[in-house]
Amino acid sequence: MRRYALRVTALAAALGLWQLLTGLDVDLWLRFSQFPTVTDVARTFADRLAGPDYWTDLTDSLTRIVTGFVLAAVLGVAVGVLVARSPLAEDLLGPLLEVVRPIPAIALVPVAILLFPSNEQGIVFITFTAAFFPVLVSTRHAVRALTPVWEEAVLTMGGGRWRVLGSVVLPGALPGIFGGLSVGIGVSWICVISAEMISGQYGVGYRTWQDYTVVDYPGVFVGMVTIGVLGWLTSTAVELLGRRLTRWLPRTSPVTAGRPTPTRPPVGPSPVPQPSGTEEARDEHLV
């Protein structure tokens, strides 16, 4: 409760500083007089919540992000495992993936416009591309970092290739996979908002750009706050799912300063005391 109270206090202090600087029209080096105040943004936010357009934009953006991200998660994990486990797949797909990977997903907007018959499919493609490569790279590195002893143990006990994949590869690579998913969902939000600004008809990014063109700065900040909250909620959902699926991992808990963590006595029989160096020399002399 103390940590949550500290977080709320920090957020309230930031909002209070924002209100103070914009309310007093402070223009030292940064021009806060051009910014809307917190009350203006809150008033516009309340008006948007009462109308249907806000919820339509929210639904469209969430549909695009979920569709592209789920496709990227499935294909990214599959291709990452395939490239990490198969030298043939690495030789065939590796050069192409490494050439396409450095290209920013937002730079593929002209390609999406030419390739797909509708803007909706193009935006989903941009979202998919943004999340695909972080998931692919994280999965590939996580699979290659697995110790071969686990796989050899399964093979020794009669397990086949699919048994190794389901019992060793995927569970062992889950922490790295979810690391890539966490990065991918954040990059997806950046790219889907940019794609909506360029070629969208509805969505949070499209509405934010329209507010900017008509000089509705409180509306611009409403869009920014909405994007931030949606990104935080989706990233938290991915993180919670990762913790749920990797419950077998050891967790580190924060230690409160000034309160040492109590140590539990060992369970089971007491360890057998080992003879010291003097006792070993005496026994050797007797022998």
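A crossing of two helices is left-handed if the near helix is turned anticlockwise from the far one by less than a right angle, and right-handed if clockwise. This is a predicted model, in which local features need pLDDT of at least 70, side-chain atom pairs count only at pLDDT 80 or more, and totals for chains, interfaces and linings use all residues. Residues are numbered from 1 along each chain as its sequence is written, and side-chain values use heavy atoms, with hydrogens and water left out.

**View 1. Helix 3 crosses helix 6.** The crossing is right-handed. Helix 3 spans residues 52–85 and helix 6 spans residues 119–144. Their axes come within 6 Å and cross at roughly 35 degrees. Axes are lines fitted to C-alpha atoms, for helices over the stretch in contact, with angles from 0 to 180 degrees between N-to-C directions. Helices (H or I, at least four residues) are DSSP runs, numbered from the N terminus. The residues of this contact divide into 19 nonpolar, 6 polar and 5 charged. Here Ala, Val, Leu, Ile, Met, Phe, Trp, Tyr, Cys and Pro count as nonpolar, Asp, Glu, Lys and Arg as charged, and the others, Gly among them, as polar.

**View 2. Arg48 forms a salt bridge with Asp211.** The closest N and O atoms are 3.1 Å apart. Arg48 lies in helix 2 (residues 38–50) and Asp211 in helix 9 (residues 204–213), so the pair ties together parts that are 163 residues apart in sequence. A salt bridge is a side-chain nitrogen of Lys or Arg within 4 Å of a carboxyl oxygen of Asp or Glu. Asp211 is buried, at 7% relative accessible area (buried is under 20%, exposed over 50%, partly exposed in between; 1.4 Å probe, protein chains only). A network of salt bridges links Arg48, Asp211 and Asp216. The structure holds 10 salt bridges.

**View 3. Glu98 and Arg101 meet in a salt bridge.** The N to O distance is 2.9 Å. Glu98 is partly exposed at 32%. Arg101 is partly exposed at 35%.

View 4. Glu239 is partly exposed, with 41% relative accessibility. Arg243 is partly exposed too, at 47%.

**View 5. Residues 267–287 have pLDDT below 50.** The protein chain has a mean pLDDT of 83, and 87% of its residues reach 70 or more. The pLDDT is the predictor's confidence in each residue, from 0 to 100.

Notes: Helices (H or I, at least four residues) and strands (E, at least two) are DSSP runs, numbered from the N terminus. Contact means heavy atoms within 4.5 Å.
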